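Me: I would like to learn how to read a structure one feature at a time. Please give the general idea for each feature, then the case at hand.

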Amino acid sequence: MPAENEHGNTPEGEEPVNGQETPGAGETADSANGGAAGEEASASAPAAGADGDALSQAEQILNNADVPAQPSASGSPEAAELRNDLLRLQAEYVNYRKRVERDRDVARGMAVIGVLNSLMPVLDDIDAARQHGDLAEGPFAAIATKLENSLKTYGLSRIDETGVEFDPNIHEALIQQQSADVTFDTVTQILRAGYKSGDRVLRAAQVIVSVPEQ
């Protein structure tokens with residue numbers, strides 16, 4: 001066995017005991033870095049799992065809960081109370097889930113309506129250009145048609161019929177004139193088209209109305 005000097009080091013020229021090598025500074029640093037990386041990965045794992053869908057997790061827990069149809073006669077009052085609490089919790093969750101889905105649908109519909117309202121001035125310009133013959137043909141005519149067809153997929157429809165009965169819900173009368181040719185208030189001319197999305201009127205049509213003679 002080699003002798004060690006007063007500082008505890010093996011003298012030069014002698015090999016370490018049992019053939020073991022003293023780890024170098026680089027190996028020690030790598031070991032420390034590896035341990036730190038492992039600790040960071042372990043700490044980040046729960047955080048990643050916490051990013052799941054809380055609603056889906058709650059739904060799974062409630063669906064997996066075993067609730068007897070009727071409490072046993074020998075059951076304790078505490079068990080019956082817990083059963084009632086679980087049933088109430090399940091009902092509250094179902095109502096909450098429906099409310100969340102309804103709110104999402106409303107928000108989605110409001111976003112679509114906002115986009116449609118912002119495009120109405122563009123549609124008015126397209127109508128004016130078409131009436132003046134500027135969109136009879138050519139690439140701009142094709143672009144205008146594609147835009148109008150694309151908006152129809154979101155439920156947008158025009159209010160531009162003539163010869164129909166005046167409806168204050170969808171028509172705005174700018175001019176009223178008497179006529180012997182009508183027996184009820186009739187829309188005879190569209191000054192500016194109106195629009196609606198589904199059953200919701202986005203903008204009433206500005207019209208000229210003919211009324212029966214007095």
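Me: Where is Ser197 found?

Reply: This is a predicted model, and in it Ser197 is found in strand β4.

Me: Is Ser197 buried or exposed?

Reply: The general idea is a cut-off: a residue counts as buried under 20% relative accessible area and exposed over 50%. Ser197 has a relative accessible area of 16%, so it is buried.

Me: Which residues does Ser197 touch, leaving out those up to four places away in sequence?

Reply: Ser197 touches Leu116, Tyr154, Gly155 and Leu202.

Me: How do I read the pairing of strands in a sheet?

Reply: In general, strands of a sheet pair through backbone hydrogen bonds, and the pairing is either parallel or antiparallel. Here three strands form an open sheet in the order β1-β4-β5, with antiparallel pairing. Strands β1 (156–159) and β5 (200–203) stand at the edges and have a single partner strand each, so one side of each is left without a neighbour in the sheet. From one strand to the next, the twist averages 35 degrees.

Me: How many bridges join β4 to β5?

Reply: Three bridges join strand β4, residues 194–197, to β5, and the two run antiparallel.

Me: How do I read salt bridges, and how many does the structure hold?

Reply: The pair to look for is a side-chain nitrogen of Lys or Arg within 4 Å of a carboxyl oxygen of Asp or Glu. The structure holds eight salt bridges. One of them joins Glu101 and Arg97, with the closest N and O atoms 3.7 Å apart.

Me: How are Glu101 and Arg97 placed in helix α3?

Reply: Glu101 and Arg97 are four residues apart in helix α3, so about one helical turn separates them. Glu101 is partly exposed at 41% relative accessibility. Arg97 is also partly exposed, with a relative accessible area of 23%.

Me: Which parts does the salt bridge between Asp124 and Arg203 tie together?

Reply: In this salt bridge the closest N and O atoms are 2.9 Å apart. Asp124 lies in helix α3 and Arg203 in strand β5, so the pair ties together parts that are 79 residues apart in sequence. Arg203 counts as buried, at 13% relative accessibility.

Me: How do I read a nonpolar surface patch, and which residues make one here?

Reply: Leu174, Ile175 and Leu191 make a nonpolar surface patch of about 240 Å². Of these, Leu191 lies in strand β3, residues 186–192. Leu191 is partly exposed, with a relative accessible area of 39%.

Me: Which residues touch Gln206, leaving out those up to four places away in sequence?

Reply: Gln206 touches Glu172, Leu174, Gln189, Ile190, Leu191 and Arg192. Gln206 lies in strand β6, residues 205–212, and counts as buried at 18% relative accessibility.

Me: In what order do the elements of the whole chain run?

Reply: The protein chain has four helices and six strands. From the N terminus on, the order is α-α-α-α-β-β-β-β-β-β.

Me: How do I read burial and contacts for the chain as a whole?

Reply: Of the 214 residues, 17% count as buried. Among contacts between residues at least 6 apart in sequence, 61% join residues at least 24 apart. The accessible surface of the chain comes to about 15700 Å², and 51% of that belongs to carbon and sulfur atoms.

Note on methods: Residues are numbered from 1 along each chain as its sequence is written. This is a predicted model: local features need pLDDT of at least 70, side-chain atom pairs count only at pLDDT 80 or more; totals for chains, interfaces and linings use all residues. Side-chain values use heavy atoms; hydrogens and water are left out. Two strands pair if DSSP finds at least two bridges between them. Axes are lines fitted to C-alpha atoms, for helices over the stretch in contact, and angles run from 0 to 180 degrees between N-to-C directions. Patches are made of residues with over 30% relative accessible area and no salt bridge: like charges are joined within 9 Å, nonpolar side chains (Val, Leu, Ile, Met, Phe, Trp, Tyr) within 5 Å. Accessible areas come from the Shrake-Rupley method with a 1.4 Å probe; for residues, only the protein chains shown count as cover. Buried means under 20% relative accessible area, exposed over 50%, partly exposed in between (1.4 Å probe, protein chains only). Contact means heavy atoms within 4.5 Å.
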